[in-house]
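Student: I would like to learn how to read a protein structure, one feature at a time. Where do we begin?

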Amino acid sequence: MDKLSITGGKRLSGEITISGAKNAALPILCAGLLTADTLALANVPRLQDVATMQKLLRQMGLSIEEKGDLLELCGRDIHSPEAPYEMVKTMRASILVLGPLLARFGEAKVSLPGGCAIGSRPVDQHIKGLQAMGAEILIEAGYIHARAKKLRGTRIVTDMITVTGTENLMMAAALADGETVLENAAREPEVTDLANLLVAMGAKIEGIGSDRLCITGVPALHGASHAVIADRIETGTFLCAVAAAGGDVVLRHTRADLLDAVVDKLRETGAVLTSGDDWIRLQMAGRPKAVGFRTTEYPGFPTDMQAQVMALNCIAEGSSRIIETIFENRYMHVQELNRLGAAIEIDGHTAVAQGVPRLVGAPVMATDLRASASLVIAGLAAEGTTLIDRIYHLDRGYDRMEVKLSAVGADIQRIR
Ligand code: EPU
């Protein structure tokens, strides 16, 4: 198993190119199941989760070819509308095949995802929405068996805001009979990116970017070309890394308007941020100031940035209160950050970090994707060497993070 070795205390300077968004690329790949034509996708990030999704889709018969920088998908010969447990257990986003398969082929068999390191994460809202559209759903032996001769449009109000739930139902509704209204829809930029692709494929969607999506089903969707939006969480992660280590870095191929809530918090820490259409620059001199926040759905502060900003708070001046409202168990990084000398206490959904003047490197263990990113940030700020074990979590969602960080002066190596 690969490890990362980081010797902290180096200022970062230079430029980093941001990749396409993991959480946009995953549903967009699944949209390849919705048409017999070709989808040409640009800016697809090279990540473990993307490779896992490709493997799953290929197993169903979707053809996927790399042509230069493009990924070409063709769903002419789908032969097996099934997502087996072995795949779904390694990546929960596999549930995103359910809506497209059911809508286009009238049936799907998808393993029920189990719990995961950050919470129980049920998919009841995906199922409830598809049932409201007329699907017959049977849960048996750990699998969701779904059938519907033809899905019908209806009004669906989800109990909570769900990102992949909104994506699944939007894809299903694109090929249903009549109009579907999704109330309480997620407004995350990745949902909008998928909606824009679906429109390019011939779908009729109104209210894109809002919490009420009106989708009028069409008999078939056609091929399209699309470039995946920038990864706002990768962007935010590197901004935190520079804020923690100090320095002056420009991030290219990204947009500040995708992460206003994070940019505002980073400004409160004392970082100077400037941006243009497709770049963000962060300059940090001196010690950051602690910042409190509460995670909420977009456009609020993203849960996927909670661990990284917490890492910054560990070395900040003052204390901060962080409230995680999206997932029940997303504080697995706290014990590891404390091993580096941080002073964080958790009480239910609240974490209080008392900033310390310095962290000291130690061996630590990555527990999930964003937790791993927080350990990298802490390692860059710590004195001495931090050895991070189980970085396969990091590789699921960050494209060669150590290469990008080395290029701006970090002392970081992958140990194979
Ligand atoms: N929920 C339910 N029932 C459902 C669906 C969701 O109870 O049917 C609950 C969840 O348990 C959670 C909350 O609703 O407490 C929100 O979950 P959501 O469905 O929005 O999460 P998700 O779609 O499974 C996506 C991202 C996550 C990100 C969350 C929240 C993808 C592939 N994953 O997950 O990304 O944290 O939205 O923004 O888009 C990550 O990239 O590290 C990551 C975990």
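Student: Does Arg 390 count as buried, exposed or partly exposed?

Tutor: A note before the answer: this is a predicted model. Relative accessible area sorts residues into groups, with buried meaning under 20%, exposed over 50%, and partly exposed in between. Arg 390 has 34% relative accessibility, so Arg 390 counts as partly exposed. Arg 390 sits in the loop between strand S23 (385–389) and helix H13 (392–397).

Student: What is the phi of Arg 390?

Tutor: Phi is near 65 degrees, a positive value in a residue other than glycine. Asn 184 also has a positive phi, of about 65 degrees, although Asn 184 is not a glycine. The place of Asn 184 is the loop between strand S11 (179–183) and helix H7 (189–200). With a relative accessible area of 24%, Asn 184 is partly exposed.

Student: Which peptide bond is cis?

Tutor: The bond from Tyr 298 to Pro 299 is cis, and its omega is near 10 degrees. Pro 299 belongs to the loop between strand S18 (293–294) and helix H10 (306–314).

Student: Let us turn to the ligand. Which residues come nearest to the ligand?

Tutor: There are 22 residues around the ligand, and Asp 124, Thr 162, Thr 164, Asp 304 and Ile 326 come nearest. By class, this shell has 10 nonpolar, six polar and six charged residues.

Student: How much of the ligand does the protein cover?

Tutor: On its own the ligand has 830 Å² of accessible area, and the protein covers 88% of that.

Student: How many residues of H1 are buried?

Tutor: Eight of its nine residues are buried, and H1 is mostly covered. Among the buried ones are Lys 22, Pro 27 and Cys 30.

Student: Where is Gln 125, and which residues does Gln 125 touch?

Tutor: Gln 125 is in helix H5, and at 3% relative accessibility Gln 125 counts as buried. Leaving aside residues up to four places away in sequence, Gln 125 touches Thr 158, Asp 159, Met 160, Thr 162 and Leu 169. Thr 162 is also one of the residues that come nearest to the ligand.

Student: What surrounds Thr 235?

Tutor: Thr 235 is in helix H8 (residues 232–245). Thr 235 has 0% relative accessibility and so counts as buried. A polar atom of its side chain lies 2.7 Å from the backbone oxygen of Asp 231. Not counting residues up to four places away in sequence, Thr 235 touches Ile 18, Leu 251, Thr 254, Leu 259 and Ile 280.

Student: Is Leu 4 buried or exposed?

Tutor: Leu 4 counts as buried, at 0% relative accessibility, and its place is in strand S1 (residues 3–7). Beyond residues up to four places away in sequence, Leu 4 touches several others, including Val 376, Ile 388, Leu 394 and Arg 414. From Leu 4 to Leu 57 there are 53 residues in sequence and 31 Å in space, C-alpha to C-alpha.

Student: How many disulfides does a search of the whole structure find?

Tutor: A disulfide is a covalent bond between the sulfur atoms of two cysteines. The search finds zero of them in the whole structure. Cys 74 is in none, and the nearest cysteine sulfur, that of Cys 30, is 16 Å away. Cys 74 is buried, with a relative accessible area of 13%.

Methods:
Residues numbered from 1 in each chain as written. Predicted model: local features only at pLDDT ≥ 70, side-chain atom pairs only at ≥ 80, totals over all residues. Heavy atoms only, no water. Near = heavy atom within 4 Å. Areas by Shrake-Rupley, 256 points an atom, 1.4 Å probe, with all protein chains shown as cover. Nonpolar A, V, L, I, M, F, W, Y, C, P; charged D, E, K, R; others polar. Disulfide = S-S within 2.5 Å. Buried < 20%, exposed > 50% of the residue type's maximum accessible area, 1.4 Å probe, protein only. Helix = DSSP H or I, 4+ residues; strand = E, 2+ residues; numbered from the N terminus. Polar contact = N/O pair within 3.5 Å; in protein donor to acceptor, adjacent residues only side chain to side chain. Contact = heavy atoms within 4.5 Å.
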